[in-house]
Each structure stands twice: as structure tokens, then as C-alpha cells.
Amino acid sequence: MHPRLPFLMAVAFCISACPKAPPPAPPPVPTETQSLNNEVKDLAAQAQALLETQNRLVWDLWTEGKAVNIAATYQGKESLFSVENIRKIDRLRQLTKDPRELRALTSLQSHFAGEYLARELAEYNDAIANLEASLTFSADGREVRYRDLERLLANEKSAVKRRALYSSAVPAIERLSQSLRRREERTVELVKELGYPSYEAFGAELRQADLDKLGVLAEEILKATQEPYRTVMERLSQHELALPFSSITRADIPRLFRSREVEDAFPKEEAMLRVHGSLQGLGIDMTEMPNIYIDARDLPRKNPRPLTLPIEVPKDVRLSEKPASGVLHQARLLHEVGHALHYGFTREQRFELARLGNPTVGEAYAALFEDLLEDPVWLEEHAGVSGDQRAQYLAASSAHKLFLIRRAAGRLLYQLGLHRQEGGDAKELYKSIMERTDAIPMKPEDEARYQIDQEDFFQSADNFRAWFLAGQLQGQLKARFGPAWWRSAEAGNFLKNLWANGNALSAREVAEAIGERGIEPDVLLLRLGTTLQVPITLDTKTSEESTPPAPAPAPPPPANPPAPSNVPDAGT
């Protein structure tokens, strides 16, 4: 009746008598590195999504003048850019040995620290922005907006009126300086709260540069260019202002470098056509690149200044241009095209290495294309500028570049001295360095600008290195592909291979990849000296004495971008 009962009872007995299988072992406890790695990946993803949202809003503001609220994007994310999260990234960085991972984490930490500082300083920044927008001063019986000062100085024919206008702005500058001073004091406090030993230590990490070596290079450049600079400025001031250089003041500088010779050669309707024509020979057609969107609409509320916005690198890169005439607009447009190509051709998929990081490399690519406006062959080919007209323009533009290089060197030395001195006189330091830099005696109205001439975290270090690296890139392109390198598809491939790395390589590593020993100013200074017909010799050695690779075209990038070396970019 129950034929299976004895069998079932036997099975039950066996089960009860046999030893039970041990319970499954608990999963291994993740190591500190594994836990932090998961947390930091999530932080990076949140930061990426937020940045993409903000850039889309900026695009709407820039191209169409739409009212946007960037501050609202931080709602619900107040804890993202916290000291605690910054320390998590830093801790993972300390535990990391892989050079590529280390660079990614350094870029991410700098981004988080920058966002933290921006939030903590928002009250100061808003007050300064509002003050600058509303600030006026009395000049010649009328109220003048402070923001219009440079433009008015450039357009004013009378040297006497320029100096009066410049001096009249001092009360406004002193008001602005008070706000800037309060912000700087708070910035120093915040940097220490983040765990950095000093303002300079944070600046060195942000710039990924050896600031000591850059300071030495800045001094050498000031010394090497002192006499050539005086010669060039004497020639230019006589030509542009009908004044000896010994008679000009800083009020005359905007007028001195006002470009006039070639304005008619750059009509409004040809600016973007000139870009496409220049890229055609490189085998690049931006209009056929689905990941680069060009907005060239002439809208009333569109910002007139060209801008590249990397919404999602490399999938969504946008370039805004409002058609305008003049050489300055063409220069700015070519500059932004350099940025767009760098972002658009990268194969780097990691957010931290494609979008974040020190901007020197990207600025070098932008400066490379902007420098086409200082190439005599390109000027004749694409703008019809030749003969005396071209010679006068190149003399003025090269003189301006030399002035800017020296000004960057002076500002870098001023910032270093300012943050290294204990209780020193900032105004006296500014006077001693900038008087030597500009070779123009300081007047009280010049000294009053000691606060507004300061910059955030040694920003000149980026421009300084970017100009030199762009000069080296141009020199290599000319040596490999001919003086008109923009006509060569091989040159286009050479650049695409460099752009493929995104920001995964430092400025020094890019220099080494093209056959240089490091970032050196010699190529740019030689070009300027040749154009200006004044010898410029820099008696210095690169700070990175690596053996230069053979000058062969850059190889195609591997499927996985190369790991960067674990060495901060010394910048020289």
C-alpha cells in the first residue's frame, strides 16, 4: 500500500546521519583600494554628468542668449564636491602605482578641488563680478564704465587724453582691489583646509608644473630678451604712436598694439571659409564630422566671441561663431578650431583624461592654429596679404607676442614672490618686477594695479608653456611637411595621432613624442627674432634632459592610449 515508504525512510535516516555541508563562505572583504576605487568611479560619473549638463546650459546662453541658472544644477549635489570626497580621491591616489591611473586621479582631484573652491568663494566671486559690471569712474566730465577702459585707450588718439583716462580709473581699481584682496585671503585659508601645505603647492599640482624651474626659465627669458625687446618697442612706438619708447606709459600699450594694417583683408563673410580652406589640405572637413557641430548663425543675442564647448568628449563637441570681420576675430576663431579638433579627434574614452586635466596641451594646439595668422605664407595664400603690408603687420604682431611672453614671465615671477614672501610689500614687489618686465618706469597709477594684476594659481604657467610647445609643433610640422604644412594630408595624420591622446599626455610628453627634449622656448624665440630682425639667444638648458627620439612622424596611437610617465611636467 505504501511501497516506497521503506525507501524514503532510509533516505531520511541517511540525511540525518550524514554530516551537513558547511555553509558557503562569506564574500571576501574588499580591500581599501577596491572600496575607494568603486566610490571614486561613482564620484567621477556624477561629476561628468553635472559638467555635461552645465555645458549644455552655457551653450544655450552663449549661442542664443537664453537665461540659464547654473547654480540650480548643484541642487541636491551639495555634498559631491566636499572635503571628504576630495580626500577620498587623494587617498586612492596615494595607493595607486599605475602612472596612467595616477594622472587620471590627479586630474579628478584638481577638478573637485576647483569646484569646492568655486562654491566656497561664490559670494566673493559674485560680488566681484557685480562690481566689475557696475563700476564706473569719472573722466573728462563723463561717467565711463570700467570694463570699457581698454577699448577706449586703444581708440584714443591723444596721448594726453589716454593718460588722463588711465589715471582716472584708479579710484575704481582701488575699490575692486579691496574685494580681490578679501577673496585672496579666503582662498589661502581654503587651500590649507583642503590639506595642501601652501597656495604654491596647490598651484603646482593644478598646473602640473615644477614652478621653481619655470621661475628660473622666466628670469632667463627676461634677461635674454631685454635688449631685443627695447629695440623692437622703440621701433614700434615710433611707428604707431610717433613717440620714443622712453616717453610712453602703460596707458599707451592698448593703442600701441592695435592691429590696423590688415583689417580689410579679413571680411566678415570669409572667416569660416578661411578655416575650412586651411583644414582642407590637412584632409580634415569639420562639416563631415558628426561629433563636431558648428553654429555659425548670426543671431542678435549670440556672444560675438568664438567658443568651443566639449559637451561630451569626443562624442559631442560644439563650436560657436558669430560672423565678424577683422584679424582679431579670425585669430580667436582659429584658436577655438584648434580646441575643437583636439577634442573631436581624441580616442581617449576616460572622462578624466579626455576632458579634465591641465589645459596646457589643449592651449598649445589652439595656439598652433592661431599662429597661422603670423605665418607669411598662410597670410598671402588665405588672406592675400603680402609685401610691405604683410611685413608691417608681422612686425607688430610679433612684437605683441614678445610683449605677452615677457608679461607672462613677469606675472609668474610676481606670483611666486608674492606667495613666498612673509609680510612683504606686495606693491613694492609688483613695481620692481613689472618695471623690469615692461621696461617702462612705474607711476603711482601703475602701482595701484598690483592687486588686479594678480592671477589665480599661477595661470601664466599654462600660457607660457603652451606658446613654447605650439612653437615647437609648428617647427616640427614645417621641418617634416614643408613651410605650408597645412597643405599636407600627412601633416593632418601627424596631428590626428597626437590629438588621439586627449589629455592623457603631459605637455612635456607631447614635446618628446614629436622629437623634442621637452618644452623649450628656443623655436618660438628664434621665429620672433627672425621676423623682428633682432637676434634672441637664450642661454639655458631644458629641465628635462631626456634623449630626443628620432624625428620620425608620430606612430598611430595604440588601441589603448599610452600610459603617461609618473613625473610632473617641469614646464621647460
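The lining of the second largest pocket divides into 4 nonpolar, 6 polar and 4 charged residues. On the classes: Ala, Val, Leu, Ile, Met, Phe, Trp, Tyr, Cys and Pro count as nonpolar, Asp, Glu, Lys and Arg as charged, and the others, Gly among them, as polar.

Before going on, the ground rules. This is a predicted model, in which local features need pLDDT of at least 70 and side-chain atom pairs count only at pLDDT 80 or more, while totals for chains, interfaces and linings use all residues. Residues are numbered from 1 along each chain as its sequence is written, and side-chain values use heavy atoms, with hydrogens and water left out.

Back to the pocket. Its volume is about 380 Å³. A pocket here is an open set of points on a 1 Å grid over the protein atoms alone, with protein on both sides within 12 Å along at least five of seven lines; a cavity is a set of points where a 1.4 Å probe fits but cannot get out; lining residues have an atom within 4 Å of a point. Grid points are joined across faces, edges and corners, and a volume is the space filled by probe spheres set on the points.

The pocket has 14 lining residues, and E184, V188, L418, H419 and A426 are the ones nearest its centre. Two elements give two or more residues to this lining, helix 8 (170–193) and helix 17 (387–420). Helix 8 gives the most, with 4 residues. Helices are DSSP runs of H or I of at least four residues, strands are runs of E of at least two, and both are numbered from the N terminus.

Helix 17 turns up again in a packing pair. Helix 17 and helix 23 (residues 522–532) have axes 9 Å apart and pack at an angle of about 140 degrees. Helix 17 is therefore oblique to helix 23. Axes are lines fitted to C-alpha atoms, for helices over the stretch in contact, and angles run from 0 to 180 degrees between N-to-C directions. Angles under 35 degrees count as roughly parallel, over 145 as roughly antiparallel, 65 to 115 as roughly perpendicular, and the rest as oblique.

The crossing of helix 17 and helix 23 is left-handed, which is the term when the near helix is turned anticlockwise from the far one by less than a right angle; clockwise is right-handed. On the helix 17 side, the contact residues are L394, A395, S398, A399, K401, L402 and I405, and these meet L524, R527, L528, T531 and L532 of helix 23. By class, that contact has 8 nonpolar, 2 polar and 2 charged residues. Contact means heavy atoms within 4.5 Å.

Next, helix 2. Which helices does it cross? One is helix 4: the axes of helix 2 (residues 32–64) and helix 4 (residues 99–120) come within 11 Å and cross at roughly 55 degrees. The two are therefore oblique to each other, and their crossing is left-handed. From helix 2, N37, V40, L43, A44, A47, L51 and Q54 meet E101, L105, L108, H111, F112 and E115 in helix 4. The contact residues divide into 8 nonpolar, 3 polar and 2 charged.

Another is helix 3 (residues 83–95), whose axis comes within 10 Å of that of helix 2, with a crossing of roughly 130 degrees. That makes helix 2 oblique to helix 3. This crossing is left-handed. In helix 2, E32, T33, L36, N37, E39, V40 and L43 meet N85, K88, I89, R91, L92 and L95 in helix 3. The classes come to 6 nonpolar, 3 polar and 4 charged.

The structure holds 3 cavities of 30 Å³ or more.

Last, two backbone details. V313 and P314 are joined by a cis peptide bond, with omega about 0 degrees; P314 lies in the loop between strand 4 and strand 5 (316–320). Q208 is not a glycine but has a positive phi of about 50 degrees, and sits in the loop between helix 9 (199–207) and helix 10 (211–241).
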